[in-house]
Amino acid sequence: MYRLLGLLLFALALLSPAKQTKAGCIIGGGIFCVTSGFTASCSQSSDFLARATAITNDTDKTNYDTLICGLETDGIGCSNTLDLLYVLAAPDSATSLLNLCSASFALTTSGTITFAANEGYTSNGTTGYLDTNYTPSTNAVLSTLNSTIMGVYDRTNRTTNNNSVQFGGKGPAAHYSYMTILDTTDRVETSVNSSNFPTFTTNTNAQGAVSSSRTGASAAGVYKNLTSISLTIAGSANSTGLPDGKLFIAALNSNGSTLQYTTDQLAAAWYGAGLTGANSVLLHTRINNFMTAYGKNVF
């Protein structure tokens, strides 16, 4: 008899009007809870998304997961290569300031610099920049004197040259890490952990993903988009020391003075251990795929 009574009560519950709770559960016809279908594919993604509290929908979570865990699969991710990875082209401004690789070194905005969702940041060219709060000489973990990569994803279709710096800095010592990706002579000018200023030729448009990579005491190369062959180098590339000043994005930090602002829209920036041309292409591909997911890619 008690069993029959239980079955009757269950049937009445099935016929009762459904009511959704705040937790996403439906009462009526039993209790059913609808939960997110997203599961992180690697611990690095899980750690980042736990910090990125503004990322709440599964589509955005999946896009970040694909990027972060894809880099881990490629062997060039946060666990083994990158100290810094900023996706400035985030869905929201709070997330855009986070370092995907660590709870440390969140960006600080300064001056007039404008955020556009899924596109990135644009400085006014006179006061606006992003401070990484990262000083290579004291904060570097995976980046070392003779093994460092730095790079940016620039969305601006700019063929007019200038001496603006997209990413870089130095401190009291004359050890630079910086990138001017379309200088006044139509070249990439860059220096990584060096007092020297080699130039890399053949660049005529600022747009795209560009990495400057040091893989030895005198070995350096610059790689753009999906080309694994370095742009032609001219000049010395000998390493002299890790910069003892913070790195800025959209300008150069020169021992506390902010110089050479760029007005290019920057969608991402990265810094870590040096990569070959082939691995730089893998890094560019992963970031470009992230941009493609939002229809904001440039190659």
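**Ground rules**

I number residues from 1 along each chain as its sequence is written, and my side-chain values use heavy atoms, with hydrogens and water left out. As the model is predicted, local features need pLDDT of at least 70 and side-chain atom pairs count only at pLDDT 80 or more, while totals for chains, interfaces and linings use all residues.

My helices (H or I, at least four residues) and strands (E, at least two) are DSSP runs, numbered from the N terminus. I call a residue buried under 20% relative accessible area, exposed over 50% and partly exposed in between (1.4 Å probe, protein chains only).

**Entry: the cores**

I looked up the nonpolar cores, meaning sets of buried Ala, Val, Leu, Ile, Met, Phe, Trp, Tyr and Cys residues joined through side-chain atoms within 4.5 Å. The largest one has 33 residues, and Tyr64, Trp270 and Leu283 have the most contacts inside it. Two or more residues each come from α2 (43-51), α3 (58-74), β4 (82-87), β9 (148-154), β20 (265-272) and α6 (277-293). Which element gives the largest share? It's α3, with five residues.

Then I checked what Tyr64 touches (contact: heavy atoms within 4.5 Å). Leaving aside residues up to four places away in sequence, I found Phe48, Leu49, Ile55, Val87, Ala90, Pro91, Thr95, Leu100 and Phe290. Apart from this core lies another, of 27 residues, and Ile113, Tyr134, Val210 and Ala269 are among them.

**Entry: aromatic rings**

I counted rings of Phe, Tyr and Trp (its six-membered ring) as pairs if their centres lie within 6.5 Å; planes under 30 degrees apart are stacked, over 60 edge-to-face, and the rest tilted. The structure holds 12 such pairs.

Tyr129 and Phe248 are stacked, 4.4 Å centre to centre with 20 degrees between the planes. Tyr129 lies in β8 (129-131) and Phe248 in β17 (248-249), so this pair ties together parts 119 residues apart in sequence. Are these two buried or exposed? Tyr129 is buried at 13% relative accessibility, and Phe248 is buried at 5%.

Tyr176 and Phe197 are edge-to-face, 4.9 Å centre to centre with 65 degrees between the planes. Tyr176 sits in β11 (176-180) and Phe197 in the loop between β12 (188-194) and β13 (199-200), 21 residues apart. I noted Tyr176 as buried, at 17%, but Phe197 as partly exposed, at 42%.

**Entry: helix α6**

I checked the span of α6 next: its 17 residues reach 24 Å from first C-alpha to last, close to the 24 Å expected (1.5 Å times one less than the number of residues). Its buried residues include Leu283, His284, Ile287 and Phe290. What covers the buried residues of α6? The cover includes α3, β4, β9, β14, β15 and β20. Just after α6, Gly295 takes a positive phi of about 70 degrees.

**Entry: the β14-β15 hairpin**

β14 (208-214) and β15 pair in the antiparallel sense over five bridges; I need at least two DSSP bridges to call strands paired. They form a hairpin with five residues between them, and Val210 stands opposite Lys224 in β15. Four of the five residues of β15 (220-224) are buried, so this strand is largely enclosed by the rest of the structure.
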